[in-house]
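Hi,

Here is the structure I promised to pass on. Have a look at it first, and then read my notes below.

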Amino acid sequence: MRESVGQAYLYYFIAIFIIIFGLLLVGSISYSKAAKVKNMIIDKIEEENGYNETAQNNVLIYLKDIGYTVVEPICKISEQDSAKMEKNTIDRIDNVVVKNNSYDYCVYKITGKGQVQNKKFVYYKVVSYMRLDIPIIGQFMRFPVSGETHHILENEE
């Protein structure tokens, strides 16, 4: 009798280990996909020197090809960016509205404070989201993965 109880605990231990390992695997794959999407969007913005229609179309084609999460994006300015605005390190944050966007990513255009040779700089902050598609609790598991482009100089208007 004693051996059968000990063996049951061993089976529980193995089952818990497999579940934890599976969750780690799913999480790392989801994070990898979100990071790849973020990096690709940043690359397209830097190639086009801004988030224009060409960059937007290239991004949407890529997201469709890789099968990125299709949901209505919820774009809010983060607390860290709001704090930067209050400290006057950045001028303005504009949420770049993406037409026909049903993919879960956000692009923010941030106008810088400094002047470099009579030029203003802007940069873009891109936020893609890591989602775990687990029934019932999966809709609450949405983690941001963000990055920024290099500064893009603009002529002063």
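You'll find Val107 in strand E2. Helices (H or I, at least four residues) and strands (E, at least two) are DSSP runs, numbered from the N terminus. Across from Val107 there's Tyr124: the two are 17 residues apart in sequence, with 6.6 Å between their C-alpha atoms.

Before going on, a word on where this comes from: it's a predicted model, so local features need pLDDT of at least 70 and side-chain atom pairs count only at pLDDT 80 or more, while totals for chains, interfaces and linings use all residues. Residues are numbered from 1 along each chain as its sequence is written, and side-chain values use heavy atoms, with hydrogens and water left out.

Now the whole chain. The protein chain has 3 helices and 5 strands, and along the sequence they come in the pattern α-α-α-β-β-β-β-β. Of its 157 residues, 32% are buried. If you take contacts (heavy atoms within 4.5 Å) with a separation of 6 or more, 58% of them link residues 24 or more positions apart. The accessible surface is about 10800 Å², and carbon and sulfur atoms own 57% of that; the areas come from the Shrake-Rupley method with a 1.4 Å probe, and for residues only the protein chains shown count as cover.

Val107 turns up again in the largest nonpolar core, which has 22 residues; Ile41, Ile45, Tyr51, Tyr105 and Val107 have the most contacts inside it. By nonpolar core I mean a set of buried Ala, Val, Leu, Ile, Met, Phe, Trp, Tyr and Cys residues joined through side-chain atoms within 4.5 Å. At least two residues of this core come from each of helix H1 (2–47), H2, strand E2 (105–116) and strand E3 (119–131).

Strand E3 has two residues to look at. Ser128 sits in E3 and is buried, as its relative accessible area is 0%. A polar atom of the Ser128 side chain lies 2.7 Å from the backbone oxygen of Ala34. That's a polar contact: a pair of N or O atoms within 3.5 Å, where within protein one must be able to donate a hydrogen and the other to accept it, and residues adjacent in sequence count only if both atoms are side-chain atoms. Leaving out residues up to four places away in sequence, Ser128 also touches others, including Tyr68, Asp104 and Phe143.

On to H2. What is buried there? Ala55, Gln56, Val59, Leu60 and Leu63. Seen down the axis of H2, these fall within an arc of 130°, so they line one face of the helix (the arc is that of the directions from the helix axis to the C-beta atoms). The face turned away carries the exposed residues Glu53, Ile61, Lys64 and Asp65. At the start of H2, a side-chain oxygen of Asn52 comes within 3.3 Å of the backbone nitrogen of Thr54, and just after the helix Gly67 has a positive phi of about 75°.

Last one: Asn49, in the loop between H1 and H2, has a positive phi near 55° without being a glycine. Asn49 counts as exposed, at 58% relative accessibility.

Cheers

Conventions: Buried means under 20% relative accessible area, exposed over 50%, partly exposed in between (1.4 Å probe, protein chains only).
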